[in-house]
Amino acid sequence: ASRVVVASRNYADFASEATFEIKKCDLHRLEEGPSTTAVMTREEGLHYYKTMQTIRRMELKSDQLYKQKIIRGFCHLYDGQEACCVGLEVAIKPTDHVITAYRVHGFTYARGVPVREILAELTGRKGGCVKGKGGSMHMYTKNFYGGNGIVGAQVPLGAGIALACKYFGKNEVCLTLYGDGAANQGQIFETYNMAALWKLPCVFICENNRYGMGTSVERAAASTDYYKRGDFIPGLRVDGMDVLCVREAAKFAAEYCRAGKGPILMELQTYRYHGHSMSDPGISYRTREEIQEVRSKSDPITLLKDRMVNNNLASIEELKEIDVAVRKEIEEAAQFATTDPEPPLEELGNHIYCNEPPFEVRGPNQWIRYKSVS
């Protein structure tokens, strides 16, 4: 009870909002870009901090569960890149659409899926957000289309979603994400062309974390100016380690698309702390010192924390309380994800088609039949 009294007494001592100078975006085929100042309220700051800290702790717990062999198969972690998914999500509407590649856990949480459902999906349990059938790469929720394992293949799909938005006359946009490792795929350039011709409300977003698997961008691309890759499509290069930079750029890009001007391209300069996947130690093609330098100078959570404390939007003690609550939530979610039952074998054939009458599916041999239910 005393803690509640102290919190309520101190609440009036904090500023309700603060204005920050943020890094200017590099522009391509644009006369004006996003604002170089950003207003953040105390409430927004606390929300961003809790969301990013939850994603960070969730990914660290996933690392632990993978090393214990409770999570199996492919697993690509998002720690270090939290400012990207959080900044993008807070800049758009719940009715807007998002599709991304296989580093998907952060986006799934930002779109509203609880941690326990994400971790249960990673462990292949019935309570997972895709009932244990999707795993690390394939997570979905309303207006969120995954999680796609084929490199770059989600980009044409994103353009298709944007085409549907335009076709049905909805004032919605689709954020279509891919990594620097996928940026040289031919299907991406074909999609740019179609999106520009049809003026689709699509924000193409390259999350440039500097390495495609174990290959640095300099070794993989003749031009690392990914924001210019659309050529005839306008582009922005954004500091992807700053949640406010990402937020302002995403607001600008979404408004551009909603105005009927067609697609726009964003490059988010970011960094992953883990290797490409859990099978990659991440230190054969980069040094531990490089990772530590990014952590010490550009960590998105530390940057936000310092801004909030230095501008009297929150106290260190208050943020520590959030950290404790987040750790507790993650531990409870992990407990659920390791005790929830696996889906029954009878559900193996379910959800092949949407809104179709039930039909039989052959099982592991010709004598076993399962019923597929939509």
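## Annotated region

According to the unreviewed UniProt entry, residues 51-345 carry the annotation "domain: Dehydrogenase E1 component". In the predicted model, this span is 45% helix and 11% strand. The C-alpha atoms at its two ends lie 35 Å apart.

## Helix 3

Helix 3 comprises residues 82-89. Eight of its eight residues are buried, so the helix is largely enclosed by the rest of the structure. Buried here means a relative accessible area under 20%.

## Domain division

The domain assignment divides the protein chain into domain 1, given as 17-212 + 220-275 + 293-343, and domain 2, given as 346-373. Taken over C-alpha atoms, the centres of domain 1 and domain 2 are separated by 34 Å.

## Interface between the domains

Contact between the two parts involves four residues of domain 1 and four residues of domain 2. Together, domain 1 and domain 2 bury about 290 Å² between them. Of this buried area, 49% is on carbon and sulfur atoms.

As for specific interactions, one residue pair is in polar contact between domain 1 and domain 2, with both residues at pLDDT 80 or more.

Definitions and conventions: Residues numbered from 1 in each chain as written. Predicted model: local features only at pLDDT ≥ 70, side-chain atom pairs only at ≥ 80, totals over all residues. Heavy atoms only, no water. UniProt positions renumbered as here; feature names shortened; annotations may be inferred. Helix = DSSP H or I, 4+ residues; strand = E, 2+ residues; numbered from the N terminus. Buried < 20%, exposed > 50% of the residue type's maximum accessible area, 1.4 Å probe, protein only. Domains from an automatic or database assignment. Contact = heavy atoms within 4.5 Å. Buried area = accessible area lost by both parts, 1.4 Å probe. Polar contact = N/O pair within 3.5 Å; in protein donor to acceptor, adjacent residues only side chain to side chain.
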